[in-house]
Amino acid sequence: QICNQHNAEAPNLEQEFHRMAQTEPSLDHDISWFVLPSYWAKTVVALISFLCFANSYDGDFVFDDSEAIINNKDLRAETPLGDLWYHDFWGSKLSSNTSHKSYRPLTVLTFRINYLFAGGFYPVGFHVVNITLHCAISVLMVDVFSILLGGLQFSSKGRRLNLAPKTSLLAALLFAVHPVHTECVAGIVGRADLLCALFFLLSFLGYCKAFRENKEGHNFSIFWVLVSVILGAVAMLCKEQGITILGLNAVFDALVINKLNVLELVQKLLHKDKALENAGLLRKGLLFRITLLMSGGASILYIRWKIMGTGPPAFTEVDNPASFADSLFVRAINYNYYYSLNAWLLLCPWWLCFDWSMGCIPLIKSASDWRIIALAALWFCLIGLISQALCSEDSHKRRILTLGLGFLIIPFLPASNLFFRVGFVIAERVIYLPSIGYCILFTYGFSVLSKQAKKKKILAVAALGILLINFMRCALRSSEWRSEEQLFRSALSVCPLNAKVHYNVGKNLADKGNQSAAIKYYREAVRLNPKYVHAMNNLGNILKERNELQEAEELLSLAVQIQPDFAAAWMNLGIVQNSLRRFEEAEQSYWTAIKHRKKYPDCYYNLGRLYADLNRHIDALNAWRNATVLKPEHSLAWNNMIILLDNTGNLAQAEAVGREALELIPNDHSLMFSLANVLGKSQKYKESEALFLKAIKANPNAASYHGNLAVLYHRWGNLDLAKKHYEVSLKLDPMAPGTKENYNLLRRKLEQKKGG
């Protein structure tokens, strides 16, 4: 065992670097496990990590992927690249009150590159990158665990030695197949955690390189320390947790490079011992390196703060109910309960859920709640580990336990609610980095058991069994992330009290046209959370479409009462009131929606429909024009303008609007049809015919397209072609209004012609 006094007396620091782990016991000595050359160990880890998640490669965009990728304008070429540095992860301006302040420009940049190479929103490329990143991270973990478990030692040629080949392989395999990682790998939004982890590990390995002996004989390289800081900054630009690597590098430096005994150091500080240098604080440049790390970290945080502004993100009570509790006791108890659940997910990752908010975990409100046992168990284990990490006489044990706890706790701190409120209760993705600490502690525990066990092979089989179970759970969970339907339904058994789970199942069913089933899940979501305005809005919409207007109005009125700035609910309320012929109330609801969302083209469109029903034609045209200004591709607004101008006899203006619309949306067959009608009435038969034929080519099964083209031919005198298209129209829709009468007129005309 190497003690601090021994360190202080070392005459040659360079020699000490190369002896760092020689006198320490090896974790590998007592375990029965595979010994593979470094190359093969990494190949095995890469292959197994790939096989775990390979079945997610052709999955859909699911859950948060819609907002972060499909609806994120920062991915599109028309958005300047510079905007990425001033927008949050979801594409909103950081200065906006609605921004989540999640500043991850480098992650968004990789999404943009994916989109560019794929030529659109094709999820396969996005998934392949995520799987590849996890494989690369798992391979890096072999090197990282060999340092954390075996110590840092270099050969005379400056090559790092792997002093724990067995345990580093076991820990890396445990990391590679941990089911809690599924959200990060199979969910494309998890790219942020993967990129953060990649640069996090590269920063750590770069810091280790600073202690490789160089030709000048210096004890460490400032260059590699600075590289480590830069890589830490890159990790933070991928996700906020990345900054914590600087703290972990400092802990590693103190424990492994300087072999500090933390308890001994604290005792000397308390007793104002003047021999602090002997305790290792100033030796080998530790203070200087920690100053570099702290200065780098402070600079990074300051720049980030300047870019983001001072405003905190806006979260609601349903996102994180414990953080809104008035009682400090309730907040503290529930935060600690959340920590215990995170620990349980690492120990037993069987109950996994895409979302843990909205009543999934009811608040603990009194000390008599039986769940307090989980807190007691967590702190019993933590206190036991911390006491061993500080007080054990075995320096090797102290080092590994402290590093394990450091990697478990420090990366989790940004998600702990201790420094600021976070927007979730539990998020499996934030455990990606802390799972490194869990793997260290698990592997150390396995080695301790192996040392005491007589039948070591039984323990090895048990470890293989755990790896196999985790592998199978990963594959199963990855398949659940392939589609929203499977993902949302898988959560029903894990979090049956989660209103958001029922809401998402309902929304998925509604999108597929199964309204009856969707209503059931929306009602359950509202029952579980009577203030769930989004569920009320969607349920009200379905009831509106089913002409159940009274209940739809009640739900939407309640939604805007609960959340007065809910623009979508105000618009939908206006649509219901319009259907109930309460026009003044509908108009007021539409304008209230526009007041809360200035750029709301759909609301202007519906307002235009209201004005058209009231024969306020000028107001209707102005409303639709506003819709097309805000959203130039708003086909319905353009169409309604053309039809209204056509019906009121303003053929020249209708033609001008139609041509303007087709310039903006050249492949819209409904616009071609509307303009073709106008041109036909203006006796521009040839141009009208061309547009009708183009519209029919785009949508050959539209009976009205054939019917109106037949009318054009009828007027034009091309009776045979008119007859042909009347017949096609009637075949597609025998009840088409006016078509049968026109067809009978044409037949009589043709018979008269033959008779004459």
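Gln683 sits in the loop between helix H30 (669-681) and helix H31 (685-698). Its phi is near 65°, a positive value in a residue other than glycine. Most residues other than glycine have a negative phi. Gln683 counts as exposed, because its relative accessibility is 60% and the exposed class begins over 50%. The model is predicted.

**Overall build**
- The protein chain has 34 helices and zero strands.
- Along the principal axes, its C-alpha atoms fill a box of roughly 125 × 55 × 50 Å.
- Of the 756 residues in the protein chain, 53% are buried.

- Phe63 lies in the loop between helix H3 (38-53) and H4.
- Is Phe63 buried or exposed? Phe63 is buried, because its relative accessible area is 16% and buried means under 20%.

**Helix pairs**
- Two packed helices are described by the angle between their axes and the distance between the axes.
- Helix H20 (residues 499-511) packs with helix H22 (residues 533-545) at an angle of about 30°. Their axes are 11 Å apart.
- H20 and H22 are therefore roughly parallel to each other, since angles under 35 degrees fall in that class.
- The crossing in which H20 passes H22 is left-handed.
- Helix H24 (residues 567-579) packs with helix H26 (residues 601-613) at about 15°. The axes of H24 and H26 lie 10 Å apart.
- By the cut-off of under 35 degrees, H24 and H26 are therefore roughly parallel to each other too.
- H24 passes H26 in a left-handed crossing.

**A buried serine**
- Ser450 belongs to helix H17 (residues 435-452).
- Ser450 is buried, with a relative accessible area of 0%.

**Nonpolar surface patch**
- Trp85, Tyr86, Tyr302, Ile303, Trp305 and Ile307 make a nonpolar surface patch. The patch covers about 660 Å².
- Trp85 is placed in the loop between helix H4 (65-70) and helix H5 (105-118).
- Trp85 counts as partly exposed, because its relative accessibility is 37%, between the limits of 20% and 50%.

Definitions and conventions
Residues are numbered from 1 along each chain as its sequence is written. This is a predicted model: local features need pLDDT of at least 70, side-chain atom pairs count only at pLDDT 80 or more; totals for chains, interfaces and linings use all residues. Side-chain values use heavy atoms; hydrogens and water are left out. Patches are made of residues with over 30% relative accessible area and no salt bridge: like charges are joined within 9 Å, nonpolar side chains (Val, Leu, Ile, Met, Phe, Trp, Tyr) within 5 Å. Accessible areas come from the Shrake-Rupley method with a 1.4 Å probe; for residues, only the protein chains shown count as cover. A salt bridge is a side-chain nitrogen of Lys or Arg within 4 Å of a carboxyl oxygen of Asp or Glu. Helices (H or I, at least four residues) and strands (E, at least two) are DSSP runs, numbered from the N terminus. Buried means under 20% relative accessible area, exposed over 50%, partly exposed in between (1.4 Å probe, protein chains only). Axes are lines fitted to C-alpha atoms, for helices over the stretch in contact, and angles run from 0 to 180 degrees between N-to-C directions. Angles under 35 degrees count as roughly parallel, over 145 as roughly antiparallel, 65 to 115 as roughly perpendicular and the rest as oblique. A crossing is left-handed if the near helix is turned anticlockwise from the far one by less than a right angle, and right-handed if clockwise.
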